[in-house]
Amino acid sequence: MKCSYKGSAILATDYYPFLYKRPISSLPASFPSTSLSYPTRTRFLSTRIQARLIHDDPVKQSEDLSFYDLLGVTESVTLPEIKQAYKQLARKYHPDVSPPDRVEEYTDRFIRVQEAYETLSDPRRRLLYDRDLSMGFSFSFSGRRRNRYDEEVVEEKSDWKKKWQTQLSGLKRRSSHRDNNTMSWAARMRRQHNTSEDSSP
Amino acid sequence: MAEQEYTVASDSENTGEEKSSSSPPPSLPEIAVGIDIGTSQCSIAVWNGSQVNILRNTRNQKLIKSFVTFKDEVPSGGVTNQLSHDQEMLTGASIFNMKRLIGRVDTDPVVHAAKNLPFMVQTLDIGVRPFIAALVNNAWRSTTPEEVLAIFLVELRLMAETSLKRAVRNVVLTVPVSFSRFQLTRIERACAMAGLHVLRLMPEPTAIALLYAQQQQMTSHDNMGSGSERLAVIFNMGAGYCDVAVTATAGGVSQIKSLAGNAIGGEDILQNMMRHIAPQPQEASSSSTAALRVATQDAIHKLSSEDNAQIEVGDKISKVLDRSEFEEVNEEVFKECERLVTQCLRDARVEGCDIDDVIMVGGCSCIPRVREVVKKVCKKDEVYGGVNALEGAVRGAALEGAVTSGIHDPFGSLDLLTIQATALAVGVRGNGNRFVTVIPRNTMVPARKDLFFTTVNDGQKEALVVVYEGEGGESVEENHLLGYFKIVGIPEAGRGVPEINVCMDIDASNALRVFAAVLMPGCSSPVVPVVEVRMPTVDDGHGWCAQALNAKFGSALDLVTLQRKM
């Protein structure tokens, strides 16, 4: 009854124009504003919750996960599996169904899962993402580090962004020249894993 | 004008996750009731522990006419008031169609169309709220759509309390897709006036989507977790509004992929027909107009099942109407239905042949031409039969009420979830008079997105953040103003140097907050305290605010998007 998915057709015709004409908007619209720490859902944010958000928030750790990690799938996942994984995670993290005392952190997580889903369920975006991932960038775009306010992250952020843009304008080689500050923790780990046994988590 | 309402409504501003904060600690959570406030009729339903139960009034009606009569000292609404005849509603003493009028200003074409109604709708065409009045003992008594709705909701609440033998406070209401956030605040206000606390305002087709998700889950329990996803188009057209949604459903989760809607409905069809039958305008509150309205309505209903219908009004009008004539007169309405469905499919990036089910609800979904149009666009021969056209929305709202109240059903009937999407884009004025989208239409919520802006003038120390909502039209005038605030304390610098981050956050209960922060190059944290504003902040006379801001500040406090900083 269903038509076959039209993604491959789109890829065949649109991939290059899409990539080169609109490099910036091809990414998920939102971008981490690393230096900013807007409150989450302030209205009921108790100090207890705040403390947890800052100190031992499991969500925070997820900031550096790849989109595949966020959805809990492998990189060879199929589209129906992505949809299924997304819906299962939604049932866990959506604020309507999450335990009342964890709404804040689960909402954060849900927004991230959603972005992972939006990227991976769109064949064009997924292709771009896979390419970047294979080059060692973990583009977990909205790993909104709103609970981190150390200055280092800001530097890292704008630097990283500049680098990424240069890369998109064609200077891809630039990406191989790296210093650790320009990459997320996960990206560093991945690279270290790939290249040497040297590790400094 | 609305000051006292403000104080009443302020407690509804605190909607959110911890909803039962102000009710006494109950042993069981209070199950929120679902209310479908229709332009022409309303219904109320609640999860009774095993299924959804639609409540009935003392006359055993499930569908209650939406009107309030100001005949005597105490106004009475359709819940308690028994009309001996349909025409009794049309003497000028009753206000109805409040859902078409609520939150609209007097330059709105929908308000102008309401001037043909028997009660008074006076417009000065300057962008303020229209003057609405009921004829009581030959005097016009003024009221507002919010007040009328509140009176009606009080009756509905009392009816539910009698029937459920408990206090009713928490509600989930269905609303049209095309409602602006400003209109939604008016609905919340009416609810607060009626002592009701809004947990959710659900776009009508998303309530249907939830009901559909439950049905899918019940009929195919083995599908749970198999990942088989069903795509459905939901088309809802009542007396006042037409709404469309595309939803992807699997395992009890209904993910809204796109929404589209417009203030077009049975009322427009009725008025088109009345003009067609009696082209000479008549006194709107005259009894002959009332008779014409009732007769035309009957004829339209008849034409849904028959090829022609006879219209007789007094001794002046006697006419046989056939269906093709009816379809010709309302061609524009049907075209708009087609456009909405097409747009919704396009926004969801699906094609007609991807669709598994077409669900049609609302009074106008019985019109053969409407069914044809929708089936044609969706390339389906059949319409899904599992949802009652007039009860679906209230059933869905009751399900959402139970889910958001944290009720668990041992048989899994409430293992449901709706992932809502934004019906309208939100953004700010920037780049001159442009609408710069921050959160686009059909973004899944909860959502949080941000954009970087910068100043337009050298040494600009302040910037105006003007927030709009709309379909995403390029100029701000095509969108609704939601509010504005000023960022102060920007350090003196050349234009384009300060980085102003505008972040928008929509939570699960659809509350919108706008944040703004100023960053300077080489400085890692915001240089002035971050501003957080809950939107909307405007009251009546939206257009005026924008004009006044323009007159006072011109482009002195403007913003432009910061390139390469997205």
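Predicted model: local features only at pLDDT ≥ 70, side-chain atom pairs only at ≥ 80, totals over all residues.
Local features need pLDDT of at least 70 and side-chain atom pairs pLDDT 80 or more, while totals for chains, interfaces and linings use all residues. Residues are numbered from 1 along each chain as its sequence is written, and side-chain values leave out hydrogens and water.

**Exercise 1.** Determine whether Asn97(B) is buried or exposed, and which side chain it meets in a polar contact.

*Solution.* Begin with the location: Asn97(B) lies in the loop between strand S7 (94-96) and helix H2 (98-101) of chain B. Its relative accessibility is 5%, so Asn97(B) counts as buried (under 20% relative accessible area; over 50% is exposed, 1.4 Å probe, protein chains only). Its side chain makes a polar contact with that of Glu267(B) at 3.1 Å (N or O atoms within 3.5 Å, one able to donate a hydrogen and the other to accept it).

**Exercise 2.** State how many disulfides there are over all chains.

*Solution.* Apply the rule that a disulfide is a pair of cysteine sulfur atoms within 2.5 Å. The count over all chains is zero. As for burial, Cys42(B) has a relative accessible area of 1% and is buried; Cys191(B), at 0%, is buried too.

**Exercise 3.** Classify how helices H10 (residues 331-347) and H11 (residues 368-378) of chain B cross.

*Solution.* The two axes come within 10 Å and cross at roughly 30°. H10(B) is therefore roughly parallel to H11(B) (angles under 35 degrees). The crossing is right-handed. Contacting residues (heavy atoms within 4.5 Å) include Phe334(B) and Leu345(B) of H10(B), and Val370(B) and Val377(B) of H11(B).

Definitions and conventions:
Chains lettered and ligands numbered in written order. Helix = DSSP H or I, 4+ residues; strand = E, 2+ residues; numbered from the N terminus. Axes fitted to C-alpha atoms, helices over the stretch in contact; angles between N-to-C directions. Parallel < 35°, antiparallel > 145°, perpendicular 65-115°, else oblique. Left-handed = near helix turned anticlockwise from the far one by under 90°.
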